[in-house]
Amino acid sequence: MTTDYQPQDRSFTLTRILAASRQSVFRAWTDPDHLAWFYNPDMPTPTTPIEVDLRVEGTWKQQMIVNEGLSYPTGGIYLEIVADERLVFRWGAVGGWPELDGENEFTAPVVTVQLNELGTETELVLTVRFSEHLEIEEVQKLILGGTQEGWGATIDRVKDSTAITPKTHGRVEGPQI
């Protein structure tokens, strides 16, 4: 998949088409019982519970394990919520990555998840916009240094959410052939 990117850009956008309703995809992003898809599948699943306070100025927080020596909380502060259509959040967590403490809160990236209905499928459009307070060189370093690739790998996993593909005892629900 290619993404148009200009060196002066402060944002990037990724698009995926999912064989699921907008309601299911929205639930995958907002219901802690269905957010485990966000974790790196190559690492152990954290035991820290996923927290979601789904309201404007509420927070979402979950522990990420990058490798044996590196784990941190990530998530965000909700800025806009339109059920089954759009989520906008300031990305990060206090003590996590990106850091969202009092000084960094307004320089943290803003993520928009737009869900567009395509018949029985959903177009997921994710945009990550970096603050005007950051130098463009720092933004480019973040985008090209793994942020865009990491978000791409992350949203590739949303299709595995139990909100989209319910599983019971390791088997997909539905008629058995």
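**Exercise 1.** Which residues does Arg90 touch, not counting residues up to four places away in sequence?

*Solution.* First, know your model: it is predicted, so local features need pLDDT of at least 70 and side-chain atom pairs count only at pLDDT 80 or more, while totals for chains, interfaces and linings use all residues. Residues are numbered from 1 along each chain as its sequence is written, and side-chain values use heavy atoms, with hydrogens and water left out.

With contact meaning heavy atoms within 4.5 Å, Arg90 touches Gly75, Gly76, Ile77, Leu79, Leu100, Glu105, Phe106, Ala108, Pro109 and Val110. Now check Gly76: its C-alpha atom is 5.2 Å from that of Arg90, though the two are 14 residues apart along the chain.

**Exercise 2.** Decide whether Arg90 is buried or exposed.

*Solution.* Buried means under 20% relative accessible area, exposed over 50%, partly exposed in between (1.4 Å probe, protein chains only). Arg90 has 12% relative accessibility, so Arg90 counts as buried.

**Exercise 3.** Work out the order of the strands in the sheet.

*Solution.* Two strands pair if DSSP finds at least two bridges between them. Tracing the pairs gives an open, antiparallel sheet of seven strands, E1-E7-E6-E5-E4-E3-E2. At the edges sit E1 (11-18) and E2 (51-52), each pairing on one side only. Zoom in on E2: two bridges join it to E3 (residues 59-67) in the antiparallel sense, and Glu51 has Lys61 in E3 as its bridge partner.

Methods:
Helices (H or I, at least four residues) and strands (E, at least two) are DSSP runs, numbered from the N terminus.
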